[in-house]
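Thanks, everyone. Let me put the model on the screen, and then we can walk through it.

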Amino acid sequence: MKRKSIIILSIVATLLVVIVLACNVLVVIVSNGHCYDDIDSIPHNTFGLLLGTGRSSKPSPYYDARVQAAVDLYKAGKIDYIIVSGENLYEDYNEVDSMLADLKKANVPVEAIDYHGTSTFASLNTHGGMWGYSYPSLTIISQHFHNQRAVFYGAILFDDTPVAYDAKDTDIWYWKVWQYCRETFARTKAVILLPYTVISNTRHSHRRR
């Protein structure tokens, strides 16, 4: 009986590992060729979608680099406007207003703000609802590990797969470990729950312009 239980647990564990690996490989394959780290190579698009990240009393190590990447794209003539999308869950926590203030300091024009960007898919879905899914003319702005999943979502939502610009990553090792683990399961969730995510966000989508 004990041996049988061990065999069953081993099979289940192997299946889980295979599923996680398969989901992550799928995200990488779909996003391949759509993520750029060279600002001279990335094509011009009308909008840059700046995805939110932690910013309260102390910003996450990704915040400044993400905002700077948006500024760099604009000043290089690679985007014309920014759409700022992030969380606004608490009175003392507002990713959007923080990014908006920093972009204004750099004289970067913001076309729209989305306070309902509680997930990557929701941010992209809001963009499609405002500007159309058939012609996104969109550059996603985040770190590479995040951009791959965002492009995967974009490939599902839009007629043409959007491109992404990779902001500088952090050199802090424990943040790298945390994000690797977090993103591994986030990609798995993205693939497995994709039908539910699409239906749920379609029901709660909002048109704002």
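This is a predicted model: local features need pLDDT of at least 70, side-chain atom pairs count only at pLDDT 80 or more; totals for chains, interfaces and linings use all residues.

Residues are numbered from 1 along each chain as its sequence is written, and side-chain values use heavy atoms, with hydrogens and water left out.

Helices (H or I, at least four residues) and strands (E, at least two) are DSSP runs, numbered from the N terminus.

Is Ser31 buried or exposed? Ser31 is buried, at a relative accessible area of 2%. Buried means under 20% relative accessible area, exposed over 50%, and partly exposed in between, with a 1.4 Å probe and protein chains only. The side chain of Ser31 reaches the backbone oxygen of Val28 at 3.2 Å. That is scored as a polar contact: a pair of N or O atoms within 3.5 Å; within protein, one must be able to donate a hydrogen and the other to accept it, and residues adjacent in sequence count only if both atoms are side-chain atoms. Leaving out residues up to four places away in sequence, Ser31 touches Gln148 and Val151. Contact here means heavy atoms within 4.5 Å.

Those partners take us to H5.

Helix H1 covers residues 2-31, and H1 and H5 pack at an angle of about 75°, with their axes 8 Å apart. So H1 is roughly perpendicular to H5. From H1, the contact uses Leu26, Val27, Val28, Val30 and Ser31; from H5, it uses Gln148, Arg149, Val151, Phe152 and Ala155. By class, these residues divide into 7 nonpolar, 2 polar and 1 charged. The classes: Ala, Val, Leu, Ile, Met, Phe, Trp, Tyr, Cys and Pro are nonpolar, Asp, Glu, Lys and Arg are charged, and the others, Gly among them, are polar.

On the geometry: axes are lines fitted to C-alpha atoms, for helices over the stretch in contact, and angles run from 0 to 180 degrees between N-to-C directions. Angles under 35 degrees count as roughly parallel, over 145 as roughly antiparallel, 65 to 115 as roughly perpendicular, and the rest as oblique.

Helix H6 spans residues 173-192, and H5 packs with H6 at an angle of about 5°, axes 10 Å apart. Therefore H5 is roughly parallel to H6. H5 brings Phe145, His146, Gln148, Arg149, Phe152 and Tyr153; H6 brings Gln179, Arg182, Glu183, Ala186, Arg187, Ala190 and Val191. That contact has 6 nonpolar, 3 polar and 4 charged residues.

How many residues of H5 are buried? The count is 11 of 14, so H5 is mostly covered. Among them are Phe145, His146, Gln148, Val151 and Leu157. H5 reaches 20 Å from its first C-alpha to its last, close to the 20 Å expected at 1.5 Å a residue. The expected span is 1.5 Å times one less than the number of residues.

Now H2, residues 63-75. H2 has 13 residues and reaches 19 Å, close to the 18 Å expected. Its buried residues are Tyr63, Ala65, Arg66, Val67, Ala69, Ala70, Val71 and Leu73. What covers them? The cover includes strands E2 (45-51), E3 (79-85), E5 (138-143) and E6 (163-167), with helices H3 (95-105) and H5 (144-157). Just after H2, Gly77 takes a positive phi of about 75°.

H3 next. Buried in H3 are Glu95, Val96, Ser98, Met99, Leu100 and Leu103. Their cover includes E2, H2, E3 and E4. Asn107 lies in the loop between H3 and strand E4 (110-114). Asn107 has a positive phi of about 60° although it is not a glycine. Asn107 is exposed, at 62%.

Back to H1 for one more residue. Leu21 lies in H1 and counts as exposed, at 53% relative accessibility. The C-alpha atoms of Leu21 and Thr188 are 8.1 Å apart, though 167 residues separate them along the chain.

Last, the whole protein. There are 7 helices and 6 strands, running α-β-β-α-β-α-β-α-β-α-β-α-α from the N terminus. Of the 209 residues, 45% count as buried. Among contacts between residues at least 6 apart in sequence, 78% join residues at least 24 apart.
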